[in-house]
Amino acid sequence: MCAISGSPEDAELNPGDQAAPGTPGTGENLCPDCGGDGWLAGEACANCGGTGKVITGIGGA
Ligand SMILES: [Zn+2]
């Protein structure tokens, strides 16, 4: 792991993410698995990595 300083969410993708944060045409949405909670059954949601948000395409056809 490089220790280059950057944003806390720098290029960290979770299984539910369709693209890296900041990718044009994508945006944050509530995680469909945990509903934005970040937790499922007492454990950090694996789909969003416990953030409760996932990056998905927006405005698509
Ligand atoms: Zn989740």
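**A chat about a zinc site and its surroundings**

User: Is Lys53 buried, exposed or partly exposed?
Analyst: At a relative accessibility of 33%, Lys53 counts as partly exposed, and please keep in mind that this model is a predicted one.

User: What does the side chain of Lys53 meet in a salt bridge?
Analyst: The partner is Glu28, and the N to O distance in this salt bridge is 3.5 Å. The pair connects distant parts of the chain, since Lys53 belongs to strand 4 while Glu28 belongs to strand 1, which covers residues 26-30, and the two are 25 residues apart.

User: And how exposed is Glu28?
Analyst: Glu28 has a relative accessible area of 43%, so this residue is partly exposed.

User: How many salt bridges does the count come to?
Analyst: The count comes to one salt bridge.

User: Changing topic, which residues are the protein donors of the zinc ion?
Analyst: Four cysteines donate through their SG atoms, namely Cys31, Cys34, Cys45 and Cys48, and these donors lie 2.3 Å from the zinc ion. Along the sequence, the donor residues follow the spacing C-x2-C-x10-C-x2-C.

User: Why is the arrangement called tetrahedral?
Analyst: The four donor atoms subtend angles of 104 to 116 degrees around the zinc ion, and four donors count as tetrahedral if all angles lie between 85 and 135 degrees. For reference, the ideal angle for four tetrahedral donors is 109.5 degrees.

User: Are Cys31 and Cys34 buried or exposed?
Analyst: Cys31 is buried, with a relative accessible area of 1%, and Cys34 is buried as well, with a value of 11%.

User: Which residues make up the largest nonpolar core?
Analyst: That core has five residues in all, and they are Cys31, Cys34, Cys45, Cys48 and Val54.

User: What does Cys45 touch, leaving out residues up to four places away in sequence?
Analyst: With those sequence neighbours left out, Cys45 touches Cys31, Asp33, Cys34, Gly38, Trp39, Leu40 and Gly50.

User: Where is Asn47 found?
Analyst: Asn47 sits in the loop between strand 3 (43-44) and strand 4 (53-57), and this residue is buried, with a relative accessible area of 16%. Not counting residues up to four places away in sequence, the contacts of Asn47 include Asn14, Pro15, Gly16, Cys31 and Val54.

User: One last thing, what is the phi of Ala41?
Analyst: Phi of Ala41 is near 50 degrees, which is a positive value in a residue other than glycine. Ala41 has its place in the loop between strand 2 (39-40) and strand 3, and with a relative accessible area of 85% Ala41 is exposed.

Key
Residues are numbered from 1 along each chain as its sequence is written. This is a predicted model: local features need pLDDT of at least 70, side-chain atom pairs count only at pLDDT 80 or more; totals for chains, interfaces and linings use all residues. Side-chain values use heavy atoms; hydrogens and water are left out. Donors are N, O and S atoms within 2.8 Å of the metal (3.2 Å for Na, K and Ca); water is not among the atoms, so sites may look incomplete. Four donors count as tetrahedral if all angles lie between 85 and 135 degrees; four count as square planar and six as octahedral if opposite donors are over 155 degrees apart and all others between 65 and 115; anything else is irregular. Buried means under 20% relative accessible area, exposed over 50%, partly exposed in between (1.4 Å probe, protein chains only). Helices (H or I, at least four residues) and strands (E, at least two) are DSSP runs, numbered from the N terminus. Contact means heavy atoms within 4.5 Å. A nonpolar core is a set of buried Ala, Val, Leu, Ile, Met, Phe, Trp, Tyr and Cys residues joined through side-chain atoms within 4.5 Å. A salt bridge is a side-chain nitrogen of Lys or Arg within 4 Å of a carboxyl oxygen of Asp or Glu.
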